[in-house]
Amino acid sequence: MKQNKLLYIILAAGMLAGCRKELDQVNPNQQTSESFWKTQDDAMKGVNAAYSSLLPDGGYMRCTPLMLDTRADDCRSNSPWDQMYNSGKFALQPGNDAIYGWAYETYYQGVFRCNQVLQHVPGIEMDQALKNRLLGQAYFLRGLYFYHLVNFWGNVPLPLTTASEIGSYKIPQSTPEQGWNQVISDFTKAAEMLPARYATLTGPDKGDLGRATKGAAMAFLGKAYLFNKKYTEAAAQFKAIMDMNLYSLVPNYRDNFTEVSENNSESLFEVQFSRDAGGRDLGWGGPPQPGWGKTSARAITYAPRGFGWTDVQPTRTVLNDFRLEKTVDNKVDPRLLSTIFYNDTVDTKLPTTPMYQTTFQAHYANNAADRNDLYCKKYQNYLGNRPDEFDWRSGINERIMRYADVLLMYAECLNEMGQTNAAYPIIQQVRSRVNLPNLATVKPNMTQAQMRDQLAHERLLEFSQEGHRFDDIRRWGWLQDPSKLALLKQRDPEFNTYAPGREYFPLPQREIDLNPGYKQNPGY
């Protein structure tokens, strides 16, 4: 479905903060915020630029997936780069902000672009329905950028306007509670203003895939409520999405992680990457450049040894968890075969595993250590004609909100609201897709506590390598529960170096140096 994909436009000129008033002369050829925001087309370009902050290295090109995955018990890092290696071991320091500092900068770049849209677009004379949709997208994207900032760092500033308007970049830190309230506010406004679909619209955005929708805003709003244990409010959002009858699980689980099945019925929101859009240069960060492409570096970063850098790998624990339960026809959970590259002949009874232009068994035939190791499989281009990932240019979209997540989060809300029996059929929708037996039959009459543990298991298998696991661990309070923390250390030795407070990343030291009064996160 590439032909109608929204191609994010990087618009440097429209993102300028404006000329400083003390200058005596102004370059008449240089576009400023005062001269740019005039037409409907300008409004469209400004919103598209706000999307583009999802794409650079600090965003979903590489750093954001790394930050989400490396600290969980389903992934580990033996990367030679200390910043990746130390991220999974909770050993990062404020003085070296590679990766997490790049993400911090990228999110605030996105917030600034959203604030420009929200500040200038209301004054543009244009079609009101289109204006509402564009403002809704700006609220959605700002909510998403704030979501990451609050989730990763906790005590962060929350700029709600452009610096040129308030006269200063020095905005005080907010508490996590204030941050989450702002996230909820932005997603609430987005849900009110966004359309359910773009296919039936009339206007320049008709048929655009990749733009935020009402369902996407409601899903992230529900997730923000869930993170704050507001189960009734969260459940209402998830149920409303289900009642829209616009989303469904795709029959083949693997289709959620390939290029040929992007923007499918299960996807509520995904970051759009393409090898055919833009230039061929990698968007490492800083001012946008005309040669930047729109490709992802996740594939090369996570790729199996010999096909990429292998900076992130699955843990042996998650492999064993996949083997705990067989399908109704006594086969291995098919999600395992879409999640992990390993010598799977014992599970599949098949002699070979396709792997780029060779097979797993043939490629590692002469190296027992590699043949017995585990490698990430999601978001890899292993089924096409590409020999490896070393050109850094993957076009696979990052699915950051799937309908399966909506279902399992709704089931979690039901359980926390004392409706444990009602959670069974919701969970079973996800299990039935991969042919697992009826949970109500194999584990009937679970208590609320037992269902919590079951949901933790279900979510691990469904979303491994998708950036959810550590967030789940943290919001469930496992890091503060001595028995659960001991279990995590057993499952993943990287947790042996966890210290209280390090569930958050450190604030980049340069931010503290530039903003007197900012306090570093506890534990650093």
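How are H10 and H11 oriented to each other? I examined this and several other points in a predicted model, in which local features need pLDDT of at least 70, side-chain atom pairs count only at pLDDT 80 or more, and totals for chains, interfaces and linings use all residues. Residues are numbered from 1 along each chain as its sequence is written, and side-chain values use heavy atoms, with hydrogens and water left out.

**Entry 1: H10 and H11**

I found H10 and H11 (residues 231-243) packed at an angle of about 160°, their axes 8 Å apart. H10 and H11 are therefore roughly antiparallel. I used axes as lines fitted to C-alpha atoms, for helices over the stretch in contact, with angles from 0 to 180 degrees between N-to-C directions. Angles under 35 degrees count as roughly parallel, over 145 as roughly antiparallel, 65 to 115 as roughly perpendicular and the rest as oblique. Helices (H or I, at least four residues) and strands (E, at least two) are DSSP runs, numbered from the N terminus.

The crossing of H10 and H11 is left-handed; that is, the near helix is turned anticlockwise from the far one by less than a right angle, whereas clockwise would be right-handed. I then listed the contact residues, contact meaning heavy atoms within 4.5 Å. From H10 come Gly215, Met218, Ala219, Leu221, Gly222, Lys223, Tyr225 and Leu226, and from H11 come Tyr231, Glu233, Ala234, Gln237, Phe238, Ala240 and Ile241. I recorded 10 nonpolar, three polar and two charged residues in the contact of H10 with H11. Ala, Val, Leu, Ile, Met, Phe, Trp, Tyr, Cys and Pro count as nonpolar, Asp, Glu, Lys and Arg as charged, and the others, Gly among them, as polar.

**Entry 2: H7 and H10**

I next looked up H7 (residues 128-153) against H10 (residues 214-227): the axes come within 11 Å and cross at roughly 25°. H7 and H10 are therefore roughly parallel, and their crossing is left-handed. H7 contributes Phe140, Leu144, Tyr147 and Asn151 to the contact, and H10 contributes Ala216, Ala217, Phe220, Lys223 and Phe227. The residues of this contact comprise seven nonpolar, one polar and one charged.

**Entry 3: Arg133**

Is Arg133 buried or exposed? Arg133 lies in H7 and is buried at 7% relative accessible area. Buried means under 20% relative accessible area, exposed over 50%, and partly exposed in between (1.4 Å probe, protein chains only). Beyond residues up to four places away in sequence, Arg133 touches Met193, Leu194, Pro195, Tyr198, Leu201, Thr202 and Asp205.

**Entry 4: the loop between H5 and H6**

I located Leu92 in the loop between H5 (82-88) and H6 (100-120). Leu92 is buried, with a relative accessible area of 4%. Setting aside residues up to four places away in sequence, I noted that Leu92 touches Gln83, Asn86, Ser87, Tyr100, Arg502, Phe505, Pro506 and Tyr524.

Ile99 is in the loop between H5 and H6 and is buried at 6% relative accessibility. Its contacts, neighbours within four places excluded, are Cys63, Leu66, Met67, Trp81, Gln83 and Met84.

H6 has 21 residues and reaches 31 Å from first to last C-alpha, close to the expected 30 Å; the expected span is 1.5 Å times one less than the number of residues. I counted 16 of the 21 residues of H6 as buried.

H18 is largely enclosed by the rest of the structure, because 13 of its 14 residues are buried. Gly418 follows H18 and has a positive phi, near 85°.
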